[in-house]
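Good morning, and thank you for coming.

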Amino acid sequence: MGRNGSALELSANTLNPAQERLMRFVLAASALLLIGFGSSPAGAWTDATRRRMVDDAIRLTPPALATVLERYRSDLILGMTDPLKGEAGEEHRQHPAGNYGRAADRIALHSKQAVTIIGQPHRLRLAVYALGTAAHFVADVDFPLNCSPGPVGDPVFYTNYVKYAEKMMPYFLVVLDRKPAPDLAKNKLEAFGKTAALRSSQFVSPIQSAYTPDGKPRSTAHFDEKSVPFGVASLSYSQAVNDIARLWAHLWRSAGGDLGGQPNLPGTPSGKPTPSQGAKGKKHGRSTP
Ligand SMILES: [Zn+2]
C-alpha cells in the first residue's frame, strides 16, 4: 500500500485535472481491491451459468439436433465447461479492434472440427463435445468484459460481475432473436465471433460507470433489476443462448443434418411473433431442476 499511501498524502489542490482523474482511478481501484473485488479469477460465465445456457440453447434448436444434444448432454456440458480451466488466457478474450484475443478464432476452429466429426460414423458423441466447446467460446464473446475496447487486462470488478451474473441468473429472460446472422449465412465463423464481440464491447463502459460512479466504488448491493449491470447481464445471457443455438443449427445444417420442425430457430423470420421457449413466459422462478 506504500504507493497508494503516498498518493493519498497529496493535497487535492496541487493536482492538475489529469492527475485528479488518475488519483480517482487509483483510489477506486484500491478500494475495490480492499472490499474483495480482486479475488481469484473466474470464467466469463460461471460453470453453473454455462450449464443453464446449454439447456436454454438446446430448447431453441431443431428437434433432430435437440435429440442428439440431449442424448449426449453430459458430453455437451463437458465441452462447454472444460475450457474454463484456462479462462484467464487470451483464447477467451476478443477485443473488437482485433489487437488482443483469440476467442473468435476458437469458435471457428471447434466449429469446423464439429462439422468434420459429425460426418464420420460412430463419432456423434465426440462431435457433440466439439459443439459444446464451440459454444464455450461463443459465450465468451457474448460476455462484455471479455471484449473491452480499451487496453489489455480485465477490470478489477471482473470476478465480482461474473458472480453477480450467476446470482441474478434466475431472473434472466431468454428472448428469441430473429435477426439474421449474415456471417453464418456466408459460413464466416470467425467473423461471427468478432461481430458478437463488437456488439458486447459497447456495454463495457456502462458497467464500469455503474461500479464506479463519480470514481467511488459501489458493491452489487446497489444493482437491482432496473440497473444497467443487471440489464446488460440479462441481455448478454440471452444473446449468448441465441448465438449458441444459431451456431449449432448452422453447423448441423452444414453437416447435412435435418433442420425441420422448429418454428423458433434464432435468425429465422416469422409471420407472427412467438414467445421464446427459453423464457417460459415468466420472469421469476425458472423451474430448471
Ligand atoms: Zn472461456
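Let me begin with confidence. What you see is a predicted model. The chain has an average pLDDT of 82, and 78% of the residues score at least 70. Two stretches call for caution. Over residues 1-15 the pLDDT stays under 50, and the model has 7 contacts for them beyond four places in sequence. Residues 19-36 also have a pLDDT below 50, and this stretch has 21 contacts in the model beyond near neighbours in sequence.

Please turn now to helix 3, which covers residues 47-59. From its first C-alpha to its last, this helix of 13 residues reaches 19 Å, close to the 18 Å expected at 1.5 Å a residue. Which residues of helix 3 are buried? They are Thr49, Arg50, Arg52, Met53, Val54, Asp56, Ala57 and Ile58. Their cover includes helix 4 (63-71), helix 5 (73-81), helix 7 (124-141), helix 8 (158-168) and helix 12 (228-254).

Helix 8 has buried residues as well, namely Tyr158, Thr159, Asn160, Tyr161, Val162, Ala165 and Met168. Among the elements that cover them are helix 3, helix 11 (204-211) and helix 12.

Next, a residue in a loop. Phe172 lies in the loop between helix 8 and helix 9 (182-185). Why does Phe172 count as buried? The reason is that Phe172 has 24 C-beta neighbours inside 10 Å, and a residue is buried if 20 or more other C-beta atoms lie within that distance of its own. Apart from neighbours within four places in sequence, Phe172 is in contact with Ser234, Tyr237 and Ser238. Between Phe172 and Tyr237 there are 65 residues in sequence, yet their C-alpha atoms are 7.5 Å apart in space.

I come last to a pair of helices. Two packed helices are described by the angle between their axes and the distance between the axes. Helix 6 (residues 103-118) packs with helix 10 (residues 189-201) at an angle of about 145°, and their axes are 7 Å apart. The crossing of helix 6 past helix 10 is right-handed. On the side of helix 6, the contact is made by Ala103, Ala104, Asp105, Ile107, Ala108 and Ser111. Helix 10 contributes Leu189, Glu190, Phe192, Gly193, Lys194 and Ala197. By class, this contact has 7 nonpolar, 2 polar and 3 charged residues.

Thank you for your attention.

Notes:
Residues are numbered from 1 along each chain as its sequence is written. This is a predicted model: local features need pLDDT of at least 70, side-chain atom pairs count only at pLDDT 80 or more; totals for chains, interfaces and linings use all residues. Axes are lines fitted to C-alpha atoms, for helices over the stretch in contact, and angles run from 0 to 180 degrees between N-to-C directions. Helices (H or I, at least four residues) and strands (E, at least two) are DSSP runs, numbered from the N terminus. A crossing is left-handed if the near helix is turned anticlockwise from the far one by less than a right angle, and right-handed if clockwise. Two residues are in contact if their C-beta atoms, placed from the backbone, lie within 7 Å. Ala, Val, Leu, Ile, Met, Phe, Trp, Tyr, Cys and Pro count as nonpolar, Asp, Glu, Lys and Arg as charged, and the others, Gly among them, as polar. pLDDT is the predictor's confidence in each residue, from 0 to 100. The expected span of a helix is 1.5 Å times one less than its number of residues. A residue is buried if 20 or more other C-beta atoms lie within 10 Å of its own, exposed if 12 or fewer, and partly exposed in between; C-beta atoms are placed from the backbone.
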